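Q: Please take a close look at helix packing here. Then move on to the aromatic rings and what surrounds them.

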Amino acid sequence: MRSRLQGATGAVSAAVVRTPELTVGALAVVATAAFSWVPSLWYDEAATVTSATRSWPQLWAELHSVDAVHGLYYALMHVWFWLVGYTPFTLRFPSALAIGVAAGLVVALGRRLGGRRLGIVAGIVFLALPRVQWAGGEGRPYATITALSVCLTLVGLTAVRRTRSGRRPALWWTAYGVLALVAVTFNVYLALAVVAHAVALVWTGLAERRRDRQSALSMRGGLSAQPLVGRRTLRRWAIAAGAAAVIAAPFVLEVMSQSKQVGWISGITSRTADQVFATAWFGGLGWYAAVAWVLMAVGVVAAVVQAHRRSPSVRALFRMQAVRVALPLAILPAAALVGATAAGEHLWSPKYASLSLPFVALLMAMAITLVRPKAWLVGALAGVLVLSIPNAYDVKTPLSKQDSTWAQAAAIVASARDARPDADEGIIYGSVYRHPGATADIIRVSYPEAFTGMTDLGVRKNGAESGVLWNQTGDLATTVPERLGDIDTVWFVGGTSRNIEPEAASVLAQHGFVAEHHWKTGKVILTEYTRAS
């Protein structure tokens, strides 16, 4: 038995060494997709479902009034649902795939900047990050944003190196510009990654000029190597980024015109510092964040010290270059969003910093790979994975997403309806806790099978037909009586805040309905009314 276990462990280790990008990427897909169907859907995911399940004309009309920033994501999810259908699992599986791609690309980036060991460790650390586990099980675009940020960085790094070697650099800079355009169209905040690339290029160029001056003095005029970042590189970056910016400008302006939809974002508060320190990358786990920040600091300081020795090794120079690439991409996006929020443009939310996750992992990995010997390094990496286990469990529980109990509410409705399969049923949707712009019809959107065949007795405005996200309930005394017809069972589903059930009960009582059963699950209340015999 022991020999078999050792053989299996050896096989896994060999696979990681031979094909680390594929192996780590596949592990990331499995880890994030497993049990992703368990948590109940919540508000943001329901916005994905209602948008992606509309017709193309309806989706186009919606994007002219709200959520243009997510338009490309909704379009891709529309095609995905057309292919595989909608379930909570199919909603979230694309995010797991995106995290798998991102993990593989992190390995590739780490290998390019610091060797195989750094790449493998960075990929595994990336997978272990609490916010990565969250993004991989979220039916929203944050996982794909993460993958795009590291992909764009890899393409940009290749373009820079091809510029120095003269091997078809124009092709790679064209690819960089096109990918930057796609990335910004997918999410405008990815423009911050392009800006961070500029910082990395300028930093690298200045460092190379300083090193060349020192070499010239020590060698008394000797020739220095061709720089990685020169004026030609900066010019080509500016052309590629500028072209993408010009083409994306109309889209960005349209998104800015819908800025009211982020009106829920508060300004700088007492919670902002904790959001930056612990929430944005580490899921609000203060102890995990403290360990991670220490690792990042150690990795950066060690690289700087080693690179500034009198005769630094090639490895030290590569690791310093990794810092120049990763540090701006880790710090600048969050700093820019917090700064804009402090200036009055409320743009900061921890989830918007997900594009920095690959580079946080890379900086942490730079500290972990300092550990010697190899057995201790494996132990340190195992420790990071162990620390991530509680969070990996927490994001897969039924109440993981804002304590949502919509799945339980839908299950209650489905079970009660199964007991009365021949009933003619209607439904009145009340409020949704914490979301005044939506009604409890959002639960039907998330779990449609439980509500199939019910007549909406209170709807006044259909969201899909009017180009907005959600249906709106009208005056119950007017809408309900004229739609009752032969209905003998009416459900009320609503929230515990702004509860309109007393009004609904009064209208139904006037037409012979009495409450038969009542349930409460989390912040959702449900009542089944039947027509008195």
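A: Helix α15 (residues 314-342) packs against helix α16 (residues 357-368) at an angle of about 145°, with the axes 8 Å apart. This is a predicted model: local features need pLDDT of at least 70, side-chain atom pairs count only at pLDDT 80 or more, and totals for chains, interfaces and linings use all residues. Residues are numbered from 1 along each chain as its sequence is written, and side-chain values use heavy atoms, with hydrogens and water left out.

Helices (H or I, at least four residues) and strands (E, at least two) are DSSP runs, numbered from the N terminus. Axes are lines fitted to C-alpha atoms, for helices over the stretch in contact, and angles run from 0 to 180 degrees between N-to-C directions.

The α15 and α16 crossing is left-handed (the near helix is turned anticlockwise from the far one by less than a right angle; clockwise would be right-handed). From α15 come R319, A322, V323, A326, L327, L329 and A330; they meet F359, V360, L362, L363, M366 and A367 of α16. Contact means heavy atoms within 4.5 Å. By class, this contact has 12 nonpolar, no polar and 1 charged residues. Ala, Val, Leu, Ile, Met, Phe, Trp, Tyr, Cys and Pro count as nonpolar; Asp, Glu, Lys and Arg as charged; the others, Gly among them, as polar.

Now the rings. Phe, Tyr and Trp (its six-membered ring) pair if their centres lie within 6.5 Å; planes under 30 degrees apart are stacked, over 60 edge-to-face, the rest tilted. The count comes to 17 aromatic pairs. One of them, Y73 with F186, is edge-to-face, at 6.1 Å centre to centre and 75° between the planes. Y73 lies in α5 (residues 71-84) and F186 in α10 (residues 169-186), so the pair ties together parts 113 residues apart in sequence. Y73 and F186 are both buried (under 20% relative accessible area; exposed is over 50%, partly exposed in between; 1.4 Å probe, protein chains only).

F277 and W293 are stacked: 6.2 Å centre to centre, 5° between the planes. F277 belongs to α13 (residues 272-282) and W293 to α14 (residues 286-307), so this pair ties together parts 16 residues apart in sequence. F277 is partly exposed at 34%, and W293 is partly exposed at 26%. Ring pairs link F277, W281, F282, W287, Y288 and W293 into a cluster.

R131 lies over the face of W134, 4.2 Å from the ring centre. K523 has its charged end over the ring of Y433, 4.9 Å from the centre. The rule: NZ of Lys or CZ of Arg within 6 Å of the ring centre and within 35 degrees of the ring normal.
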